[in-house]
Amino acid sequence: MLSEARPSDDVAMALALEEARSATAHGDVPVGAVVMSAADEPQVLARRHNERELTGDPTAHAEILALREAAGRVGSWHLGGCTLVATLEPCLMCAGALVAARIDRVVFGAPDPRAGACGSLYNVAADPRLNHEVEVVSGLRADESAALLEGFFEERRQS
């Protein structure tokens, strides 16, 4: 199910973009993610960026790391009411983790036609056959998110 962005989503996206930029310092693809609490005045529970190259862990996507950190902060795997904001559309693994964590909403910037699982290639977030559906908001600051990725890969091709 598609929805519209909220003012707190833009604040969280600014933080996610900041996180994404820091991923390049260790050679990781610039993707950032932020988990916001379910409170009337949302608070940042976690903010992370990709760390696959840094840690050698294939599951160290920004979204997974942010979900783990947020769960640790709230003391539960159940993140109902929370929103995850990411610079890139979550992949199949990350979308599955959103469903498993019972996240209420996912907001993302750039779509990922090759691996996106929140509407582009798959739609795991809103699959009624699963035990939980995640509200999807797509395209928030998509140009900025896409520009970070394009710049990163362009630089790598020139190296």
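**Exercise 1. Helix packing**

At what angle do the axes of helix α1 and helix α5 cross in this predicted model, and how are the two helices oriented to each other?

*Solution.* 
- Take α1 as residues 7-23 and α5 as residues 142-158.
- Their axes come within 11 Å and cross at roughly 5°.
- Angles under 35 degrees count as roughly parallel.
- Therefore α1 and α5 are roughly parallel to each other.

**Exercise 2. The contact residues**

Which residues of α1 meet which residues of α5?

*Solution.* 
- The α1 side supplies Met13, Leu17, Ala20 and Arg21.
- Facing them in α5 are Glu144, Ser145 and Leu148.

**Exercise 3. Cysteines**

How many disulfides are there?

*Solution.* 
- A disulfide needs two cysteine sulfur atoms within 2.5 Å.
- For Cys91, the nearest cysteine sulfur is that of Cys94, 3.7 Å away, and Cys91 is in no disulfide.
- Cys91 has a relative accessible area of 16%, so Cys91 is buried.
- For Cys118, the nearest cysteine sulfur is again that of Cys94, at 8.9 Å, and Cys118 is in no disulfide.
- Cys118 has 4% relative accessibility and counts as buried.
- The count comes to 0 disulfides.

**Exercise 4. Aromatic rings**

What is the geometry of the pair formed by Phe152 and Phe153? Classify the burial of each residue.

*Solution.* 
- The structure holds 1 aromatic pair.
- The ring centres of Phe152 and Phe153 lie 5.1 Å apart.
- Their planes stand at 80°, so the pair is edge-to-face.
- Phe152 is buried, at 9% relative accessible area.
- Phe153, at 36% relative accessibility, is partly exposed.

How values were computed
Residues numbered from 1 in each chain as written. Predicted model: local features only at pLDDT ≥ 70, side-chain atom pairs only at ≥ 80, totals over all residues. Heavy atoms only, no water. Axes fitted to C-alpha atoms, helices over the stretch in contact; angles between N-to-C directions. Helix = DSSP H or I, 4+ residues; strand = E, 2+ residues; numbered from the N terminus. Parallel < 35°, antiparallel > 145°, perpendicular 65-115°, else oblique. Contact = heavy atoms within 4.5 Å. Buried < 20%, exposed > 50% of the residue type's maximum accessible area, 1.4 Å probe, protein only. Phe/Tyr/Trp six-rings, centres within 6.5 Å; stacked < 30°, edge-to-face > 60°.
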